[in-house]
Amino acid sequence: MISIRVFFICSLSLFLAHFSMAAKVTLDSSSWGLEEGKSCVECHSKSSSGLTHQWKNSAHAEANVNCLDCHQAYEDDEDSMEHEGSIIAVIVSPKDCGRCHETEFKQQEGSVHAKAVSIIKNRMPALTEHFGSLSINDAGCAKCHGSEVKVKGDGTLDPTTWPNTGIGRINPDGSRGSCSSCHGRHQFSKAQARHPSACTHCHSGPDSPDKIVYETSKHGMMFDAHKDAMNMSNDSWVVGKDYSAAPTCVTCHMGAAGKMKSTHDVGMRDAWNLNQAVSTQQYLAIFEDGDRRELSTSEAIPRRGESIRKMDGSIAKIKAVASPKRRRNAMKKVCLECHSKNFANNAMKQFDNVVELYNEKYGKPAQAIMKALYADKLLTPSPFDEAIEITYWQLWHKGGTRARHGAAMASPSSTWEGLSEVGAVFYGRFLPQVRTIASPEKSEALIKKYVKDSEHHDWMNYPDRVSPVFDHEEQVDNKGSNNEN
Ligand code: HEC
Ligand code: HEC
Ligand code: HEC
Ligand code: HEC
Ligand code: HEC
Ligand code: HEC
Ligand code: HEC
Ligand code: HEC
């Protein structure tokens, strides 16, 4: 009896502690507010006074965390420099913030965000080289994905690699990312980071068209009309409890819902990978050191206790596995704060159906044909030197991504715009290009096997059939003329 009551009180106080307190800070307050740091404020109130003002309005200034508490460095840090009598570094890395905010640091460091440089490095260097040069990387790709920051001999930072606040930036201390990707400095406000613009700064354009997707969804519509009712500055920000007017990106991908806590691992609740030529569902393997890796359902299923390769190539033991179903359920927990179970399930069904349609009708056939052309050496291995490779990329990457993201996040216009582009590119450019690359026999055999024999493209086998649209228009016309008579 007693133990149950103790348990109840403990969990209640934990519950309250979680939802009513501000940021949990790992260090004790006696270890910050460095005396030497006070001179920084004085002098920087004259020089670059704007950033000092921003700091003065921050939770950090209020808690007495000063410039040096963040910017302090050790002499043997690669990027340390002597500045007005103190040893400082310009870069305050996630690891530096993590001295005080360990939970957020660990979640961020294990997430796909922290790996955003490796996906550029390993998967698509040709895109940068063929369409641009290193300049587009420095001012484009790297601004979102992150740079590899280089330090010059005197501790100052190489201008081709910094300023940069890309989401997976490789820091001189080896940590990944930059907390000011979302928390603009020097206020480092959580209210500002809850705003969709903290995400759409990067999540817009061909790689991730979520800005337009969100704005044209009913969620975006409701957010736009009811921003002021969102309690964005509340310490506690649990959907359905502290706000309910609309979900933002953060609500669905990071936010607290019911007993589910807020997380800095943005990929946790995604069941699919929506940015590949063919979408697959994804397991999430969580390693003993907290690092994580996504594995497609088409690979071997990861098991607890097993050792596998991490994203960085090293081998590590799996501590836990989240199946696509568990990840989907986590996402649905959010929906259920505002919608019924049936509504949420049906909405997910409509989304999954679009992914299947895209995969089966376009993604898989196009991928199989490309593989056959490569296997027959009708294309060079280089990914962007032939017209059909650019066509293929537009098909899955631009139109295909837009359609799938649109369906995931309830934007009918993006779903249709994306899928109509996929269709137009597939029939209007991709198939005709296949015919110019392979011999007539070879191309017809490929198109028959992967396209015409599929129920999705059965209509292509009846070139003389009167189209249903035409029928419909004729009926309307007939009726019209009947009425006139
Ligand atoms: C992808 C964007 C993003 C990045 C990157 C990011 N944050 Fe956050 N952070 C947020 C959002 C959004 C919130 C508010 C979350 C909520 O209320 O559910 C937040 C909240 C916080 C809070 C307040 C937590 C609380 O319980 O009050 C701290 C502390 C924090 N972040 C630290 C960090 C640190 C340290 C890093 C780098 C390791 C970081 N953040 C990187 C978006 C981000
Ligand atoms: C006597 C005045 C003075 C003091 C004291 C001072 N700074 Fe500065 N700091 C400057 C000036 C001036 C600059 C150069 C500004 C510019 O480039 O526009 C500067 C530049 C910087 C830079 C940018 C360096 C770069 O390479 O981009 C950082 C970071 C910085 N200070 C942090 C601090 C910190 C932390 C302290 C306290 C330990 C501090 N400053 C103390 C005057 C001061
Ligand atoms: C909460 C930690 C934190 C505090 C407190 C802090 N900074 Fe920074 N500061 C950062 C981060 C993060 C950056 C971005 C550097 C990077 O990682 O690219 C930065 C960048 C800078 C820069 C160079 C970038 C620019 O925009 O010019 C200067 C100068 C600077 N800080 C000065 C200061 C001064 C002066 C104070 C005190 C008034 C201060 N900082 C307090 C975290 C902090
Ligand atoms: C020396 C310890 C320390 C360091 C280093 C530090 N913080 Fe903080 N941070 C704090 C304290 C203390 C608070 C206030 C806690 C509270 O909310 O009462 C805080 C609050 C926050 C908040 C919540 C702000 C809000 O709007 O309520 C965010 C976000 C945050 N920190 C991010 C960062 C980031 C990003 C860095 C690194 C650039 C960083 N912190 C470095 C101690 C630190
Ligand atoms: C505006 C920010 C932004 C810019 C600029 C940008 N990306 Fe991306 N990129 C993203 C985001 C966000 C994603 C994640 C998409 C997702 O998972 O939904 C991504 C995903 C990717 C992917 C993986 C999946 C895919 O869509 O192909 C690759 C590879 C990639 N980007 C390469 C590049 C290269 C190379 C450049 C420069 C030529 C570049 N990106 C420019 C934001 C950007
Ligand atoms: C500075 C750029 C940047 C910002 C800001 C940013 N992201 Fe990302 N995000 C990326 C890139 C790049 C990727 C692709 C990373 C990869 O695949 O390794 C990505 C990937 C993602 C993914 C895909 C995860 C998966 O399962 O593949 C989600 C979801 C996401 N971000 C949500 C958010 C949210 C929510 C915010 C705002 C709170 C945000 N991002 C802010 C650049 C950014
Ligand atoms: C109503 C909830 C909701 C909102 C609001 C929302 N998303 Fe999503 N998002 C989803 C769902 C559901 C998926 C698909 C998850 C899956 O793969 O099963 C998704 C997928 C994504 C992906 C692709 C991840 C993947 O699986 O490849 C990215 C990136 C993303 N969202 C970013 C954002 C950004 C940025 C915003 C705000 C502009 C946003 N989302 C707003 C629910 C939401
Ligand atoms: C904070 C509350 C909130 C959350 C959380 C939320 N929604 Fe919504 N959703 C709304 C509101 C409000 C509307 C607009 C209702 C209306 O008037 O049609 C809406 C509309 C929709 C629509 C459009 C329906 C239509 O009529 O076209 C879909 C689909 C949808 N939500 C799916 C989801 C999914 C899936 C999730 C979880 C991933 C989710 N929502 C999470 C509040 C929310």
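Modeller: Around ligand 7, H12, H13, helix H15 (249-253), helix H16 (324-335), helix H17 (341-375) and helix H18 (387-408) each supply at least two residues of the shell. Helices here are DSSP runs of H or I with at least four residues, numbered from the N terminus. This is a predicted model, where local features need pLDDT of at least 70, side-chain atom pairs count only at pLDDT 80 or more, and totals for chains, interfaces and linings use all residues. Residues are numbered from 1 along each chain, ligands from 1 in the order written and chains lettered from A, and side-chain values use heavy atoms, without hydrogens and water.

Biologist: How many residues surround ligand 7?

Modeller: A residue is near if one of its heavy atoms lies within 4 Å. Ligand 7 has 24 such residues, the closest being Cys249, Cys252, His253, Trp272 and Met409. H15 gives the largest share, three residues.

Biologist: Which residue has a polar backbone atom 2.6 Å from an oxygen atom of ligand 7?

Modeller: A polar contact is a pair of N or O atoms within 3.5 Å. Trp272 has that backbone atom, and a polar side-chain atom of Arg328 lies 3.3 Å from a ligand 7 oxygen.

Biologist: What coordinates the iron atom of ligand 6?

Modeller: Donors are N, O and S atoms within 2.8 Å of the metal (3.2 Å for Na, K and Ca). For the iron atom of ligand 6, His113 (NE2) and His203 (NE2) coordinate at 2.0 to 2.1 Å. These two histidines are 90 residues apart.

Methods: Polar contact = N/O pair within 3.5 Å; in protein donor to acceptor, adjacent residues only side chain to side chain.
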